[in-house]
Amino acid sequence: MLLEGKVVLVTGASAGIGRAVAIGCAEHGADVALNFSRDQAGADGAVAAIEALGRRAVAIQGDVADPQTARDFIDRAVDALGRIDAFVNNAGICPFHAFLDMPVETFERTMRVNLHGAYFMVQAAANRMVEQGDGGSIIAMSSISALVGGEYQTHYTPTKAGLHSLMQSAAIALGRHNIRCNSLFPGTILTDINKDDLADENKRRSMEGRVPLGRLGQPEDLIGPTVFLASDLARYVTGASLLVDGGLYVNLQ
Ligand SMILES: NC(=O)C1=CN([C@@H]2O[C@H](COP(=O)(O)OP(=O)(O)OC[C@H]3O[C@@H](n4cnc5c(N)ncnc54)[C@H](O)[C@@H]3O)[C@@H](O)[C@H]2O)C=CC1
Ligand SMILES: C[C@H](O)[C@@H]1OC(=O)[C@H](O)[C@@H]1O
């Protein structure tokens, strides 16, 4: 059990990748606190799945775009589970839209959820880890989009590059506290975030065709990399990033 006795916090954990890694961390021995924004039923389902594994779980509602949510989530998670060992910044949105007529509200909301929200969450988690005094692991669900562009993602890809940059700077700021900060770069993973985009059969086939491992990702593909970075096996890994994309990024031709 790589995460036996550890407490892991995950944002945006009522669905998709966040839900999978929350349950996956519990499968590896962790107690888990889940942030969710609106989907109470999804959050309750994830809590039930974790409790069925014999681990403790708590779901706490909050919009990560609101800076107050960060302190509230960390405080209530620690009240319920006692401490934080690993924090997974996962919550994110990607409302696909063309560049030339990007609505200001869509641009600003994407920035606030994906990047500003991450900043305040990571800061609040780090402050708690510093108070605890025995280190910790912070993991950002960045993206392959930190490295490459997307025609309908001009508001989104900068948030993912920014999130990885935050991990790099935080790794320096927090290294003296033995708090490690790393990014995961998922490729295309089948979740609600791209359900509409990939409903176009041609696009979906073309995306699948570019993946050397021959399939698009599933949320559960992120469990192993998350558990590794949260665990003591990764004790000398900080400021790093790991592509979890089936080889998509390297497939130029
Ligand atoms: N699915 C994919 O292909 C990829 C996803 N990612 C990233 O993975 C993360 C998870 O996305 P998916 O699971 O794919 O999508 P998803 O749409 O299934 O999950 C996103 C989660 O974030 C939550 N969320 C959204 N806005 C929130 C807010 N303001 N406050 C709190 N929670 C909020 C949603 O309720 C949901 O639980 C995102 O940061 C996304 O950018 C990165 C690379 C690829
Ligand atoms: C939402 C996209 O399908 C998904 O998100 C990312 O970060 C990657 O760009 C994927 O294409």
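**Briefing on the ligand sites and fold**

An oxygen atom of ligand 2 is 3.2 Å from an N or O atom in the side chain of glutamine 153, a polar contact in the sense of a pair of N or O atoms within 3.5 Å. This is a predicted model, in which local features need pLDDT of at least 70 and side-chain atom pairs count only at pLDDT 80 or more, while totals for chains, interfaces and linings use all residues. Residues are numbered from 1 along each chain as its sequence is written, chains are lettered from A and ligands numbered from 1 in the order in which they are written, and side-chain values use heavy atoms, with hydrogens and water left out.

**Ligand 2**

- Two further side chains make polar contacts with oxygen of ligand 2: tyrosine 156, with a polar atom at 2.6 Å, and threonine 188, with an N or O atom at 3.3 Å.
- Taken alone, ligand 2 exposes 290 Å², of which the protein buries 89% (accessible areas come from the Shrake-Rupley method with a 1.4 Å probe).
- The residues around ligand 2, counted when a heavy atom lies within 4 Å, include Cys94, Phe96, Ser143, Ser145 and Asn194.
- This shell divides into 4 nonpolar, 6 polar and no charged residues, where Ala, Val, Leu, Ile, Met, Phe, Trp, Tyr, Cys and Pro count as nonpolar, Asp, Glu, Lys and Arg as charged, and the others, Gly among them, as polar.

**Ligand 1**

- Ligand 1 is surrounded by 29 residues, the closest being Asp63, Asn90, Tyr156, Ile189 and Thr191.
- By class, the shell around ligand 1 holds 11 nonpolar, 14 polar and 4 charged residues.
- Helix H1 (16-27) and helix H4 (104-132) each supply at least two residues of that shell (helices, H or I of at least four residues, and strands, E of at least two, are DSSP runs numbered from the N terminus).

**Strands and annotated domain**

- Strands S2 (residues 31-36) and S3 (residues 57-61) run parallel and are joined by 5 bridges (strands pair if DSSP finds at least two bridges between them), with valine 32 standing opposite alanine 57 in S3.
- UniProt, in an unreviewed entry, places the feature "domain: Ketoreductase" at residues 6-193, a stretch that is 46% helix and 18% strand.

Terms used
Polar contact = N/O pair within 3.5 Å; in protein donor to acceptor, adjacent residues only side chain to side chain. UniProt positions renumbered as here; feature names shortened; annotations may be inferred.
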